[in-house]
Each structure stands twice: as structure tokens, then as C-alpha cells.
Amino acid sequence: MKKIMIFLGGLFMMINPLKAQEQTADKKEDASINGQFETIIRKSTNYRQAGKRYEVVRLLELEALRKNILDSVSTSNTNIAALRATIAENETSISSLNTKLDETTKNLNQLTEEKDSMSFFGAMVSKGTYKLIVWSIIFGLLAFLLFFIYRFKNSNFLTQQAKSALSDVEAEFEQHRRRSLEREQKISRELQDEINKNKKGA
């Protein structure tokens, strides 16, 4: 009896570490679906019948695996639906942002065009064309100014010449008038002298 008790005690001591190792291994098992399949396959037993090999799996473990798979699929479907909703929301946001970007680009192009353009008599022309027109007008006015200055100087020169000629003519006329006056006075004196002589002779 004592030997039986020692044998049972030794057997119990051998079984306890094995159970502890199994529990520790169970705790370290992979929680993924693939890990759960591997655990079931590892824990399954097999037998042969009529030359065919059969695997025996505990129904509770198979049910737990099925539940875990269904939960994973449900979670995945929920995640997929959430991701699809996020993608749809992002696509809507992207579409809205693209529309705003197009409007901003259009406004920017319009502002750039307006910045590079000038209003000239109500018409929008580019700055280059505007500068060309303005400088053409400036050079045209400058040419007219130079032409009028030339004409003025030419007219002034002719006027000065005419004044000088008129002054010469006036001086010559004054000399001629003076000579005529002197001649007239001389003739008057001679006539008076003749008159006086005739009076004395009579």
C-alpha cells in the first residue's frame, strides 16, 4: 500500500508540471485565426479506419473557433464599411477641394490677367501694349512739339527779318521825307527870294 501511495504521489507530481506547462503554452498561444487553427490541429487526435486517417477535434474548441472567425469577419466588415464611408467622405472632400482649387485657379488667373492688363479708353489691354501706345503718344507729341518749335523759330526768324526790313524802309523813308522837306524848303526860299526881287524891281 505504501508503494502504491508513493507511485501515485510521483505520478501526480509528474502530471502537475505537465499541466502547468500546457497552461503556460495555452497562455502563450497565438490569438490570431491562423494561431487558433494551429492550436486545434495540435490538440486534435487522429485514428485510422479502413485505411483512412481521421482527425478528432473537440466540438467546443471548433465552436469557439467558428465564433472567433465570425466575430473577426463581422469586425472586418464593420471596418470595411467604416473605411468605405471614410473613403466616400474623403472623395467628397477631394471633389469639393478640387472645385475650390479650380475656382481659386480661375480667380488667380483673372487677377493675374487684370494685374498684367490696363484699362485704355474702356478696353483692357496688356501692359506691354499699353506701354507701347503711351510711348507712341509721347513720341508723337514730342515730334509735334519739335515741329512747332521749328516752325515758331522759323516764323520768329522771318518776323525779325521783316521787322529789320521794315526798320530799314522806315529809316530810308524818313531820310527821303527829310530830303524832300529840305528840298521843298529850299524851293520855297528860292521862290520867296524871286518874289522879293520882283517886288524890288517893280
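Me: Helices are DSSP runs (H or I, at least four residues), numbered from the N terminus. What makes Glu-63 and Arg-66 about one helical turn apart?

Reply: Both sit in helix 3 and are 3 residues apart, so about one helical turn separates them. This is a predicted model, where local features need pLDDT of at least 70, side-chain atom pairs count only at pLDDT 80 or more, and totals for chains, interfaces and linings use all residues. Residues are numbered from 1 along each chain as its sequence is written, and side-chain values use heavy atoms, leaving out hydrogens and water.

Me: Why is the contact between Glu-63 and Arg-66 called a salt bridge?

Reply: A salt bridge needs a Lys or Arg side-chain nitrogen within 4 Å of an Asp or Glu carboxyl oxygen. Here the closest N and O atoms are 3.3 Å apart, so the pair qualifies.

Me: How do you know whether Arg-58 is buried or exposed?

Reply: Buried is under 20% relative accessible area, exposed over 50%, partly exposed in between (1.4 Å probe, protein chains only). Arg-58 has 52%, so it counts as exposed. Glu-63, at 37%, is therefore partly exposed.

Me: Why are Phe-144 and Phe-148 called stacked?

Reply: Phe, Tyr and Trp rings (for Trp, the six-membered one) pair if their centres lie within 6.5 Å; planes under 30 degrees apart are stacked, over 60 edge-to-face, the rest tilted. Phe-144 and Phe-148 have centres 6.5 Å apart and planes at 25°, so they're stacked. Phe-147 joins both of them in a cluster linked by ring pairs.

How values were computed
Helices (H or I, at least four residues) and strands (E, at least two) are DSSP runs, numbered from the N terminus.
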